[in-house]
Amino acid sequence: MAPPALLKRWPAAAVWAVFAGICGVSCALTLRRPEFDRLADLTVYYGAVRWARAGLPLYDYAADNGDPFTYPPFAAIVMWPLGGLPLQLIRVLWLAGTCLAVALIAYVVIRRLGRANLHAAAAACVLAVSAPIQSDLRFGQVSVFVVALTLIDALDLLPPRWRGVLIGIAAAIKLTPLLFVVYFLIARRHRDALRSTASFLAAGALAAALLPADSRQFWTHTIASTSRIGDLASLGNQSLHALLARAGVGPEHRLIVWGALVGIICGLALWRARQLSDEGRPVHAAVLVGCATVAASPVSWTHHQVWPVLAGMLLVASGVATKRAAGVFLVAVMTLSLANVIGESISNPGLQYLFTNARGIGVVAICCIGFGAVAHGRLQLPTMVRIRRALVTVVAGVALFALLPLPPNYDPGLRTYSLAEAQREFSMTQVSCDGGPCDMTFGGRLVVNYSIGGSDEKFVVDGWVDDRVGKLAVRTAPGAPIHFIPIMTLDGQRIFCFGGTNLYYGQLLIYDTEGRLIENPPRALWK
């Protein structure tokens with residue numbers, strides 16, 4: 001008969017084995033991706049470091065796919081050893097390190113809550129299947145390591161004399177953890193704030209000494225160049241800034257609105273985080289501040305969004321039925337893409353907006369509510385009353401979005417491509433029209449032939465027209481503004497190419513040489 005101690009450890013060991021299996025399958029699938037899409041961000045880090053080691057300007061580097069190095073110069077110093085190893089070995093080591101970081105995050109959070117090792121293993125499994133961690137694995141991203149460094153420091157797991165140092169180092173690699181310095185000040189952890197600031201400045205000074213020209217370039221120019229980070233209108237960007245753009249807030253007003261809302265949202269999150277810290281709930285406080293960094297950053301890609309997954313798990317562990325339900329929903333949103341699961345069947349602009357931006361909206365809600373106000377926690381209401389109130393709130397919120405006067409399927413990511421860009425985009429895999437090109441005839445003659453390709457976050461439409469077509473235009477949805485598409489010449493063919501983040505309801509408008517619609521009503525892009 002097995003010893004009682006062994007029987008107690010067996011369930012946790014089994015769940016950790018499941019976690020290892022999830023990581024193994026995820027890593028294997030990542031390594032089997034096409035070369036151009038295999039840990040693409042890690043490839044950028046590797047290429048940029050080798051470029052800098054050769055004495056070339058770090059921020060002049062661009063990978064084969066055009067992606068530049070976007071992090072502060074200290075990040076290149078940390079990654080400097082990568083340049084001396086084979087890329088294939090680095091990929092394997094990076095994936096293994098990512099999986100270990102996920103296990104570490106789950107372990108320190110759950111054990112700091114006083115829960116058992118079994119709960120830590122279960123949390124690691126949830127994290128591993130979430131969209132942010134899968135994105136970290138797919139792209140070979142540094143985000144998960146930044147979260148791990150920040151959590152270890154914010155949860156007081158370091159000796160007192162070193163607290164704050166890791167957050168300063170994490171911020172020198174990626175700037176968003178600097179919000180934790182403000183949290184330390186508000187929570188009256190002044191020495192921790194001082195050490196964070198000192199380590200951040202020391203890391204910057206080290207980078208300036210080793211890479212002086214690159215440091216000057218980053219802090220005077222590159223830091224403000226958001227165009228280097230990618231297509232900010234992509235649905236993968238779930239920052240507050242992106243939510244405002246997709247709500248139709250124009251660029252002339254967006255910066256002011258965004259700045260005001262960031263101040264309010266971060267203020268609420270930091271105020272509530274201080275309360276949580278005073279109540280002896282440092283994990284909740286740290287995760288809440290982490291969620292605020294996701295909401296406040298001008299760019300928050302999927303791989304940045306580890307904090308909301310942790311927030312969902314904390315809600316599930318709260319023991320309150322309504323909070324558990326909210327936590328399950330948040331974890332589900334951070335694991336599944338509601339835009340793909342539900343979005344295609346909904347044509348209402350407000351509901352489209354709700355489902356395509358559910359992750360960003362969830363982060364903002366967590367920041368504003370802060371795991372439930374203090375007063376709410378003290379109210380002793382019957383469970384059914386709390387559930388009924390929660391359901392009414394949810395229904396009211398969905399109804400509000402359904403009635404929002406948003407632009408029809410507003411897509412700030414809609415753009416036309418130049419001839420050089422079109423030549424690159426034409427190689428994308430066709431995914432529309434039952435797997436083949438779409439075509440349109442006029443008078444028994446083929447006049448338009450096109451295909452749609454891309455990913456979950458961006459679609460590209462490319463094709464050709466014959467000389468009977470005078471103009472081409474697109475609407476992102478019925479009732480949306482018309483955008484004219486330039487017709488270019490390539491190898492004797494008249495071609496066109498445009499892209500967007502949401503073209504499920506798009507319409508293609510084809511005009512003859514006299515300016516008349518060849519097909520009325522306009523053709524739906526997805527046939």
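**Cysteines and cavities**

The count of disulfides comes to zero, where a disulfide is a pair of cysteine sulfur atoms within 2.5 Å. Cys 23 is in no disulfide; its nearest cysteine sulfur, in Cys 99, is 3.5 Å away. This is a predicted model: local features need pLDDT of at least 70, side-chain atom pairs count only at pLDDT 80 or more, and totals for chains, interfaces and linings use all residues. Residues are numbered from 1 along each chain as its sequence is written, and side-chain values use heavy atoms, with hydrogens and water left out.

Is Cys 23 buried or exposed? Cys 23 counts as buried, at 9% relative accessibility. Buried means under 20% relative accessible area, exposed over 50%, and partly exposed in between (1.4 Å probe, protein chains only). Cys 368 is partly exposed, at 37%. Its closest cysteine sulfur, in Cys 367, is 6.6 Å away, too far for a bond.

Now the cavities. On a 1 Å grid over the protein atoms alone, a cavity is a set of points where a 1.4 Å probe fits but cannot get out; lining residues have an atom within 4 Å of a point. Volume is the space filled by probe spheres set on the points, which are joined across faces, edges and corners. The whole structure holds six cavities of 30 Å³ or more.

The largest cavity has about 150 Å³ of space. It is lined by 15 residues, and the closest to its centre are Lys 174, Thr 176, Thr 293, His 304 and Trp 307. The elements giving two or more residues to this lining are α7 (143-154) and α14 (282-296). α7 gives the most, with four residues.

Key:
1 Å grid on protein atoms, 1.4 Å probe; cavity = no way out; pocket = protein on both sides within 12 Å on 5 of 7 lines; lining within 4 Å.
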